[in-house]
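Visitor: I'd like to learn how to read a protein structure. Can you walk me through one?

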Amino acid sequence: MHEFLRRLGGCNPSVTVFVSCCDDAPVGGRAIANRALSALSDPSLAHGYNLLTKNCRQFSQYCVSGSVDNGLMDFSFSNLEDVLKRELGMNSWRVWDGCWEIA
């Protein structure tokens with residue numbers, strides 16, 4: 001969590017990490033985490049950040065869906081929510097306190 005909040009060379013204004021949940025339980029899983037770790041070593045996915053064309057929401061959509069071009073790839077937050085709802089049954093956001101483990 002702390003490494004994520006220190007991203008962007010210290011220019012990140014975020015102080016909170018939000019977690020997609022189904023009711024009170026976080027949704028996700030080891031496959032999504034592994035996809036994210038693999039993507040970080042793929043220059044076409046992990047490098048060249050751009051707010052409109054290659055941002056964290058698109059990266060998250062890829063990690064959840066496994067597809068770079070799933071018809072929903074968009075920079076908007078609402079599209080990320082659509083993917084999370086469809087793929088994981090997400091219905092709420094909660095602030096991560098650093099205590100949840102990945103299943």
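Predicted model: local features only at pLDDT ≥ 70, side-chain atom pairs only at ≥ 80, totals over all residues.

Visitor: Okay, which residues of α4 meet residues in α5?

Guide: On the α4 side they are R57, S60, Q61, V64 and S65. Across from them in α5 sit F77, N79, L80, V83, L84, E87 and L88. Sorted by class, that contact has six nonpolar, four polar and two charged residues.

Visitor: At what angle do α4 and α5 pack?

Guide: The angle is about 15°, and the axes are 9 Å apart; α4 covers residues 56–65 and α5 residues 77–88. Angles under 35 degrees count as roughly parallel, so α4 is roughly parallel to α5. As for handedness, α4 passes α5 in a left-handed crossing.

Visitor: Now the strands. How do they hold on to each other?

Guide: Strands of a sheet pair through backbone hydrogen bonds, either parallel or antiparallel. Here you have an open sheet of three strands in the order β2-β1-β3, and the pairing is antiparallel.

Visitor: Why is one side of β2 and of β3 left without a neighbour in the sheet?

Guide: Because β2 (25–26) and β3 (92–95) stand at the edges, each with a single partner strand.

Visitor: How many bridges join β1 to β3?

Guide: Four. In one of them, S20 has W93 of β3 as its bridge partner. Between β1 (residues 18–22) and β2 there are two bridges, and C21 is partnered with P26 of β2.

Visitor: What about the hairpin of β1 and β2?

Guide: Two residues lie between its strands, and D23 takes a positive phi near 60° there.

Note on methods:
Residues numbered from 1 in each chain as written. Heavy atoms only, no water. Pairing = 2+ DSSP bridges. Axes fitted to C-alpha atoms, helices over the stretch in contact; angles between N-to-C directions. Parallel < 35°, antiparallel > 145°, perpendicular 65-115°, else oblique. Left-handed = near helix turned anticlockwise from the far one by under 90°. Contact = heavy atoms within 4.5 Å. Nonpolar A, V, L, I, M, F, W, Y, C, P; charged D, E, K, R; others polar.
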